[in-house]
Amino acid sequence: MDELLQEFISETQESLEALAGEIIAWEADPSDRGRLDAIFRFFHTVKGSCGFLHLPRFERLSHAAEDVLSDIRSGKRHPDAATVNAVLGIMDRIAELTQAVAVGAPLAQEDDEYLVAALAVHESESEAESDAPAPVPRHGSAQAAPRTIRLPLALIDQLMNGVSDMVLARNELARQLRDRAGDPALEGAFERLSGCVAEMRDAISRTRMQRIDRLFAAIPRTVRDLGRDLGKRIELSLEGGDVEMDREMVEMVVDPLIHIVRNSIDHGIETPERRRALGKPETGQLRLEARQSGNQIVIEISDDGAGIDTARLVEKAIAAGRLTPDAAARMNEAERLDLIFQAGLSTASAVTAVSGRGVGMDVVRANVERIGGTIGLDNHPGRGLRITLSVPLTLTIIPGLVLRAGGLHFAIPRAAVVEILHDNNAMLRIGEVGGARIATIRDVRHSMIDLEDVLGLDIPAEPGPRTVMVVRSASGLPFALGVSAVENHEELVIRPASPIVMASGIYAGMTLPDNGKPMLLLDTGGLARKADLSEIAEHADAVRTAGERTDAKEGTEMVAALRFEELSGERRLLQLSLIERVEELEADLFGHSGDRAFVRLKDRLVPVVNGCQGFARETVSALRLRDDRREAYYAVAAVLDIVQMPAVPDMVAMHGNLSGVCVVEGEHLEVLNPFALFASLPDEPAERKHPGRCLLADAEDGWAREILAPLLRQAGHEVLIGLPEGAAVDPSDIVLCTTSDAMQAADVLGCRTVQLRAAPQPSGPQDASIYRYDRRALMAAIAGAGQ
Amino acid sequence: MKQLYLFATLAGARVAIAAEEVEAVVRLTDIAPVPGLGRHVAGLSALRSRVLTVIDVAALIHGAATPAERRELAIIADIGGHSYGLMVDEVSDICWVPEGALPLRGRLDPVWMPYARAIVEHEAVPWLLVSPSGFLENGIADQAA
């Protein structure tokens, strides 16, 4: 019985979640029979199940709703706003009761009577016309739910672990096999097994993924209810619901997202009257769009409302004593906008029930950053606001840096690292006063701690400079962290560490790299707390340093760049934002054909921009570059560090792949020109279709079939061998003939023809045919005939 | 009550652990230290794709960490969804004990007080009955203090 009850609860909760969007969509379009049926079925199922589970309140509620919906189905009643409200009310009550049953709490002693009574109220009796009609979610049509089964998460975790073990066993086997004499049959079998294991791993990881639809499910209801409360008209559109993300991530993102949506409706979108006065359409647009971009999920929330009034933000900040008028005057627009993320500041002129209580964007940002995400604002005052949330695809794989300190290795999330310098860098000055160490970088003072000191390790004496990383936690100020060296940049699979380890407060998790030695992931916020830096972060210094930062920026605009060593030995710079990551690739994956170099990744070829070949080593470091569309690799000898370089080189000298020379830390370095890099990539295979098919008239001609047809296909033509039977020839088709017989047959069809001949010379002055190996003339003839 | 016990030597004392609380006994290989924690957390060790948090019980009892060369065997226990390895000196036997746990007699060394719950008679000598989770709970409490 317990099991049945459990099943009933989880099924009901799941259906409720899915239906919330459906019912709003149905209200907007009451003629949508499919949605009405889905809602009806829900109540029907609940009624049926709770009958024998003996849940009389459920039964009564669902029965009442079912009756009304049944009347609507049979056309006896019209689904007006009052009815929909009543049905929603019943759904809410069922949700409350389900929750209570699930946790074993006593059922709330509220009266269900009025809910049921509300159902009976017809539109005529209810308040005249509802002032704000429902938002119109433009979902796709309701989809049939895919067949699913319910599995405990523990089982999936067990499967994941099993597969990880399999991968390790496979690696071990691969090592053993390499040591033995090669037996092709054995190797073949192993390859197959290896492939299966890899596929299995991918499939199992997918079980953790969930469609973002689930994240969007609660939005239409929020928008509808809030729109009604505030008397605003909103058209909601949701896109990209089929993007998948880690189910844990979905849960982490839902609160920030709802918060942003509420803000947007409350502060962003104006009332219909005001919108009319401003010359905007009365109905505001709210648009949510999700897409996957690399290993990030990007969710964009945009509205066409008022945007953020930065002048007002500044006023508020000054009034709250967080900012001096002086500092405010020096802030640029982006920094003013950034004030929205300060705790306790809000542009809402009055505290409403919805938002404006100062618990706002600061909490949203903290929550998003805690899961390794970022939040961006694109503000158009008076015209709208677009908020972009970027979160990692999963909580479990993050880009990280591997660093060494006190003879041990640690990982740190890439997102937490602002910059990396050597301690002999001229830009860095480390001062000490009363035991406190201060690292001054470009006139900005940071608290400086050595990782070894925080962890209670000895600082080993090592040759060469130590590395200073400027790291920041989700909240709080950036601080300087001294370590022995930063060794590597890789994608880390993070798993939770045991509570006894987490209790230290300085670790965020652990990872098991291929070498089988577990490694801990540092929590930068925890390190700052452990080193008692948190006090400093809380102080008003934040604003002062922000002011100083502006000063530092006023000179030249600086951008982060990667300093690396070319295979030919020179040291060069490349703008960091273009580099997706640094990879170690096996040298034999690189290849070239003609003057084009490429690297083989699984089953596709990615161009290598600097065309290197014949490496003298086993693995090659390569920078993976990406513009908005294409990717490419750039092979390097070594990645050195990340530095700040001026956005415009100190000496502009464009030649080849270079854009000029920069002076960085007393060294002059050539800067790669991203434009030239991507412009030099080979063209992608033509995707556009040439107009018209090419018909090869002589189906029997081997030359036409084996040599001509592939050439035409490569050029993007659709090729048909032999003339089609009957009159299926399109006037835009082009017929290619190799014999005069075929030429005559083609003439009959009445479309344009190109005649080819086998002899290099024309047979006479009347001969308009083209020599069949004259590629230029042939292509020109086809293009000409096609026009 | 008839019970299956694992008999081992732990921090120099004879102990019995109920067999259902023990997942396996393994030989420890590499232990990656976890700095910033108490001495009783010896570090992390990989067991195939699982990562064990290795607890140095002797350090918990006597306050002195076990030297690296004597870190050999560990009892694996799954506690609260995480895998732990408890370092033991020696494992002697796994046996059914017909009479099961007996009440503690005599005055126990105070260092053992938080961990020992009863005794088990095996081969005519008493063994202290301990539980892997007991070491952890008290271990974390210590750290907080």
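Chain A has 24 helices and 35 strands, where helices (H or I, at least four residues) and strands (E, at least two) are DSSP runs numbered from the N terminus. Chain B comes to 2 helices and 10 strands, and from the N terminus its elements run β-β-β-β-β-α-β-β-β-β-β-α.

Some housekeeping before the details. This is a predicted model, in which local features need pLDDT of at least 70 and side-chain atom pairs count only at pLDDT 80 or more, while totals for chains, interfaces and linings use all residues. Residues are numbered from 1 along each chain as its sequence is written, with chains lettered from A and ligands numbered from 1 in the order in which they are written.

**The two chains in numbers**

Here a residue is buried if 20 or more other C-beta atoms lie within 10 Å of its own, exposed if 12 or fewer, and partly exposed in between, with C-beta atoms placed from the backbone. A contact means that the C-beta atoms of two residues, again placed from the backbone, lie within 7 Å. The pLDDT is the predictor's confidence in each residue, from 0 to 100.

| Chain | Buried residues | Mean pLDDT | Residues with pLDDT of 70 or more |
|---|---|---|---|
| A | 33% of 787 residues | 77 | 84% |
| B | 36% of 145 residues | 85 | 94% |

If you take contacts between residues at least 6 apart in sequence, 62% of those in chain A join residues at least 24 apart. For chain B that share is 56%.

In chain A, the pLDDT is below 50 over residues 350–358, a stretch with 17 contacts in the model beyond near neighbours in sequence. Residues 535–554 of chain A also stay under 50, and for them the model has 24 contacts beyond four places in sequence. Over in chain B, pLDDT stays under 50 for residues 141–145, with 3 contacts beyond four places in sequence. For the complex, the predictor gives an ipTM of 0.86 and a pTM of 0.49.

**Strands and sheets in chain A**

Two strands count as paired if DSSP finds at least two bridges between them. An open sheet is formed by 5 strands of chain A in the order E32-E31-E33-E34-E35, with parallel pairing. Its edge strands are E32 (718–721) and E35 (770–771) of chain A, each pairing on one side only. Inside this sheet, strand E31 (residues 693–696) and strand E33 (residues 734–737) of chain A pair in the parallel sense over 3 bridges, and Leu695(A) stands opposite Val735(A) in E33(A).

Strand E17 (residues 507–511) of chain A is mostly covered, with 5 of its 5 residues buried. Strand E16 (residues 485–495) of chain A runs antiparallel to E17(A) and is joined to it by 2 bridges; Arg495(A) stands opposite Met510(A) in E17(A). E17(A) also runs antiparallel to strand E18 (residues 519–522) of chain A, joined by 4 bridges, and here Tyr507(A) stands opposite Leu522(A) in E18(A).

**A helix worth a check**

Helix H3 (residues 56–73) of chain A has 18 residues that should span 26 Å at 1.5 Å a residue, and its end C-alpha atoms are 25 Å apart, which agrees. The expected span is 1.5 Å times one less than the number of residues. Buried residues in H3(A) include Phe58(A), Leu61(A), Ala65(A), Val68(A), Leu69(A) and Ile72(A), along with Glu66(A). After H3(A) comes Gly75(A), whose phi is positive, near 80°.

**Cores**

A nonpolar core is a set of buried Ala, Val, Leu, Ile, Met, Phe, Trp, Tyr and Cys residues joined through C-beta atoms within 7 Å. The largest has 84 residues, of which Ile55(B) and Leu86(B) touch the most other members. Strand E1 (residues 3–10) of chain B gives the most to this core, with 5 residues. Leaving out residues up to four places away in sequence, Leu86(B) touches Ile55(B), Val57(B), Ala74(B), Ile75(B), Ala77(B), Pro132(B) and Phe135(B). Another core, of 73 residues, lies apart from the largest one and has Trp26(A), Ala28(A), Val68(A) and Met331(A) among its members.

**Where the chains meet**

On the chain B side, 22 residues are in contact with 23 residues of chain A. Strand E4 (41–47), strand E5 (50–55), strand E7 (82–88) and helix H2 (132–144) of chain B each give two or more residues to that side, and H2(B) supplies the largest share, 4 residues. By class, the side of chain B that touches chain A has 12 nonpolar, 7 polar and 3 charged residues; Ala, Val, Leu, Ile, Met, Phe, Trp, Tyr, Cys and Pro count as nonpolar, Asp, Glu, Lys and Arg as charged, and the others, Gly among them, as polar.
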